[in-house]
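Here is a short briefing on one protein model. Keep the structure open while you read, and find each part as it is named.

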Amino acid sequence: MQQELSEEIKDFAKSRGAHIVGIASVDRFEGAPKGHHPEDLLPSAKSVVVIGMRYYQTILDNDHLCKDSEILSEENRSSLRNFMFRFMYDTVNSEMQVIGIHIAHFLHEKGYPSMPLPSSGWAGGPLGRHGLFSHRHAAMLAGLGTIGLNNLLLTPQYGPRVRLNSTITTAPLTPNSLLEEQVCLGEEKCGLCLKTPCFGEIQDWNVGGKNMPVAKLLNCNGLDPGCPNFGEKQPFIRYCWGVCPGGANE
Ligand code: B12
Ligand code: SF4
Ligand code: SF4
C-alpha cells in the first residue's frame, strides 16, 4: 500500500514536469536545527517528498547574449542577461510550488494532512539568510544527490543544476535509499567552485550519517550581477552553479 502510494506520487510529480523525485523518512533528519525539523513544521510528519527541476546551462552560460549589440548599451545588455536568469528561476520555482500543492491535495484526500512549501523565501538572521526548511538537506536525505563543496545538492543526472522543492506529509511513505557515492569530485580532483572569494574554510557536515566536506559560504550576491565572475573571467554567471563538473550535464 505505502509502496503503491509512493510510486503513485512519484509518477504524478514526473507527469507534471518534475525531473527527479525522492522520498525521505522523517527519522533521517537528525541534526536539523531546532524550529526547522519536519516535525517542528508539521507535528506527526512521517515523510518528505522532494522534487527537482532542471535549470539549464544554456541560461547560466549567457555571456554572449546580444554581445556587440547595435541597439543596446552594455548596461541594458546586463539587465537583459539578468532577466534571462530570473525568468527561468521564477518559472521553475513556481512550477514546483504548484506540483507540491497538488501532491499535498492528493495526500490530504487519502487522509494524510500534508504541508507544501515555497521554493524560495528567507529572512536575514544573526547567522545569515535562512528559510523555513532546507530543501537541499531534504533532497540528499531523499536519495537525490549529495551536498558538494559549493554548498549545493549535486545530482548524478544534472550536477547542481536543479532547483528543489519539498512537501512534508503525515503519510508513512517508502523512502528512497541514500546515494552511496559522493557526486562532488573534491578539492584535489576539481576545486573549481573554490576559485571565488565567496567560499572560506572547508568544514565537515554530517547529513543522514554521511560526512562530507562543504566550504563555508562567506558571501553571495546570488540574485544580481554581483556574482564575482559575472561577465568576466569565467564563461558563466552564477559561477558556482554553472562551472561545476560533478555529475552529468545532460
Ligand atoms: C537563503 C538561501 C540562499 C542565501 C543563503 C545561502 C546559504 N548557503 O546560506 C543566498 C541568497 C546567498 C543563496 C544563494 C544561492 N542559492 Co539559495 N537558497 C536559500 C534558501 C531560500 C534557504 C536556505 C535555507 O535557509 N534553508 C533553511 C536552513 C535552516 O537550512 P540551511 O541554511 O540550508 O542549513 C544549514 C543549517 O541550518 C543546517 N541544517 C539545515 N537543515 C538541516 C537538516 C539536517 C538533517 C541537518 C543535519 C542539518 C541541517 O545545516 C546548514 C549548515 O549550518 C534555499 C531554499 C530552501 N528553502 O531550501 C535556496 C537554495 C539553497 N538556493 C539555491 C541556489 C541554486 C542558489 C544560488 C546558486 C543562486 C540562486 N539564486 O539560485 C546561490 C548559491 C550559493 C551557494 N553556493 O550556496 C537552491 C539550491 C539547489 C541545489 N541544487 O542545491 C535552493 C535549494 C533553492 C531551490 N528551491 O532550489 N541562497
Ligand atoms: S552564486 Fe556567484 S556570488 Fe553566489 S556563491 Fe556562487 S559564485 Fe559566489
Ligand atoms: S566545482 Fe568541483 S569541487 Fe566544487 S562542488 Fe563541483 S565537483 Fe565539487
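The largest nonpolar core of this predicted model has 50 residues. Val-48, Val-50, Ile-51, Ala-139, Ala-142 and Leu-153 touch the most other members. Helix H4 supplies the largest share of this core, six residues.

**The core**
- In soluble globular proteins, nonpolar side chains tend to be buried together.
- Take Leu-153, one of the core residues that touch the most other members.
- Setting aside neighbours within four places in sequence, Leu-153 is in contact with Arg-136, Ala-139, Met-140, Leu-144, Gly-145, Ile-147, Pro-160 and Leu-164.

**The sheet**
- Which strands make up the open sheet, and in what order? Four strands form it, in the order S1-S2-S8-S3, and their pairing is antiparallel.
- Strand S1 (20-25) and strand S3 (114-116) each have a single partner strand, so they stand at the edges, and one side of each has no neighbour in the sheet.
- From one strand to the next, the twist averages 20°.
- Three bridges join S3 to strand S8 (residues 162-169), in the antiparallel sense.
- Find Pro-116: its bridge partner in S8 is Thr-167.

**Helices on the sheet**
- Helix H1 (residues 2-15) packs on the sheet and touches S1 and strand S2 (47-54).
- The direction of H1 makes about 145° with that of S1.
- Helix H4 (residues 74-109) also packs on the sheet, where it touches S2, S3 and S8.
- The direction of H4 makes about 20° with that of S8.

**Around ligand 3**
- How many residues surround ligand 3? There are 14, and the closest are Gly-148, Cys-190, Cys-193, Cys-244 and Gly-246.
- The shell around ligand 3 has nine nonpolar residues, five polar residues and no charged ones.

- Thr-58 lies in helix H3 (residues 57-60).
- Is Thr-58 buried or exposed? Thr-58 is exposed, because it has 9 other C-beta atoms within 10 Å, and a residue with 12 or fewer counts as exposed.
- Thr-58 and Pro-213 are 155 residues apart in sequence and 29 Å apart in space, C-alpha to C-alpha.
- Val-214 sits in strand S10 (residues 210-217).
- Val-214 has 18 C-beta neighbours inside 10 Å, so it counts as partly exposed.
- Val-214 and Gly-148 are 66 residues apart in sequence, but 6.1 Å apart in space, C-alpha to C-alpha.
- Beyond its neighbours within four places in sequence, Val-214 is in contact with Ile-147, Leu-149, Asn-151, Gln-203 and Trp-205.

Technical notes: Residues numbered from 1 in each chain as written. Chains lettered and ligands numbered in written order. Predicted model: local features only at pLDDT ≥ 70, side-chain atom pairs only at ≥ 80, totals over all residues. Pairing = 2+ DSSP bridges. Helix = DSSP H or I, 4+ residues; strand = E, 2+ residues; numbered from the N terminus. Axes fitted to C-alpha atoms, helices over the stretch in contact; angles between N-to-C directions. Contact = placed C-beta atoms within 7 Å. Core = buried A, V, L, I, M, F, W, Y, C linked by C-beta atoms within 7 Å. Buried ≥ 20, exposed ≤ 12 C-beta atoms within 10 Å, placed from the backbone. Near = placed C-beta within 6 Å. Nonpolar A, V, L, I, M, F, W, Y, C, P; charged D, E, K, R; others polar.
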